[in-house]
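Dear colleague,

I am writing to hand over a structure for your study. Please look through it first; the findings follow below.

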Amino acid sequence: MQSGRNKLYFFLLLFCLAGYIWFYTGYRSFPESGDRARIGCLIKHTTNVPCPSCGATRSAISLIKGDFAGSLYWNPIGILLVCMGVIIPIWISYDKIFRKDSLYLFYRKAEVFLRRKAVALPAILLIIINWIWNIYKGL
Amino acid sequence: MDAQKVDMFIMSNGKFFESHQVAQIRDRLLHLDEAKWPLVQSLQFKDPTISLIISLLGGSLGIDRFFIGDTGLGVGKLLTCGGLGIWAIVDWFLIMDATREKNMEKLQRILY
């Protein structure tokens with residue numbers, strides 16, 4: 001369990017760091033170039049159709065600028081990602097300082113929770129609706 | 001357990017595990033109680049080749065991670081366009097080993 005926990009925490013921190021760098025570079029180039037020109041989405045660059053999370057960078061940038069409605073318009077997933085980017089490092093430092101496994105245990109429980117049909121089906125439906133909205137908006 | 005049964009299991013399921021794990025699995029199965037044989041035999045493992053195909057086709061949506069049972073990482077991949085496309089490409093090379101690792105975890109739950 002110890003190695004699994006450390007692996008997960010290392011991975012999450014790495015992921016957050018990559019996210020921060022991505023958002024920082026996006027923030028500097030927005031809105032002149034946007035994030036359309038950057039390589040970020042395999043689906044978008046190969047098929048020219050936006051993927052379910054296209055627009056998340058623009059959404060996060062709008063949120064940081066204080067434009068909540070704009071961020072909701074670009075992609076609601078961006079708000080979720082910003083929340084995760086803020087909460088995860090704090091939670092990991094809490095676990096490290098107090099020598100606890102709370103985030104790891106929460107992650108394992110969340111995995112089991114998400115696998116339940118009653119949760120997975122509405123979640124998939126929401127993602128698909130968001131995807132259709134993305135295509136409709138032409139992100 | 002009977003060596004013939006164990007060898008049959010290894011022959012039909014060897015491809016689902018890392019090569020260095022096969023000898024260990026064989027050894028462990030030989031010392032396993034006969035009563036657990038039906039349970040071991042009924043286990044369904046994920047095929048690494050299938051997960052590679054899924055990763056090539058739907059890696060950006062995290063479907064490969066969902067397929068092998070890594071729901072948390074699958075959600076992470078789905079919400080970030082396959083980790084900005086980079087993670088999706090990295091996973092083309094990692095997913096087969098990750099699948100074998102997951103299969104081993106599944107078997108270990110019965111063996112230990």
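The model is a predicted one. To begin within chain B, two of its helices meet through their side-by-side residues listed here: B:Pro48, B:Ser51, B:Leu52, B:Ser55 and B:Leu56 in H4(B) are in contact with B:Asp91, B:Trp92, B:Ile95, B:Met96, B:Thr99 and B:Arg100 in H8(B). Sorted by class, the residues of this contact are six nonpolar, three polar and two charged.

Helix H4 of chain B covers residues 48-58 and helix H8 of chain B covers residues 86-111; their axes lie 9 Å apart and form an angle of about 150°. Angles over 145 degrees count as roughly antiparallel, and H4(B) and H8(B) are therefore roughly antiparallel to each other. Their crossing is right-handed.

Turning to the two chains together, 20 residues of chain A are in contact with 14 residues of chain B. On the side of chain A that touches chain B, at least two residues each come from helix H1 (2-29), helix H2 (42-47), helix H5 (76-98) and helix H6 (102-115) of chain A. H6(A) gives the most to this side, namely five residues. By class, the residues of chain A on this side comprise 16 nonpolar, two polar and two charged.

Finally, a word on confidence. The average pLDDT of chain B is 86, and 100% of the residues score at least 70. For the model, the ipTM is 0.79 and the pTM is 0.81.

Yours sincerely

Note on methods. Residues are numbered from 1 along each chain as its sequence is written. Chains are lettered from A and ligands numbered from 1 in the order in which they are written. This is a predicted model: local features need pLDDT of at least 70, side-chain atom pairs count only at pLDDT 80 or more; totals for chains, interfaces and linings use all residues. Two residues are in contact if their C-beta atoms, placed from the backbone, lie within 7 Å. Helices (H or I, at least four residues) and strands (E, at least two) are DSSP runs, numbered from the N terminus. Ala, Val, Leu, Ile, Met, Phe, Trp, Tyr, Cys and Pro count as nonpolar, Asp, Glu, Lys and Arg as charged, and the others, Gly among them, as polar. Axes are lines fitted to C-alpha atoms, for helices over the stretch in contact, and angles run from 0 to 180 degrees between N-to-C directions. Angles under 35 degrees count as roughly parallel, over 145 as roughly antiparallel, 65 to 115 as roughly perpendicular and the rest as oblique. A crossing is left-handed if the near helix is turned anticlockwise from the far one by less than a right angle, and right-handed if clockwise. pLDDT is the predictor's confidence in each residue, from 0 to 100.
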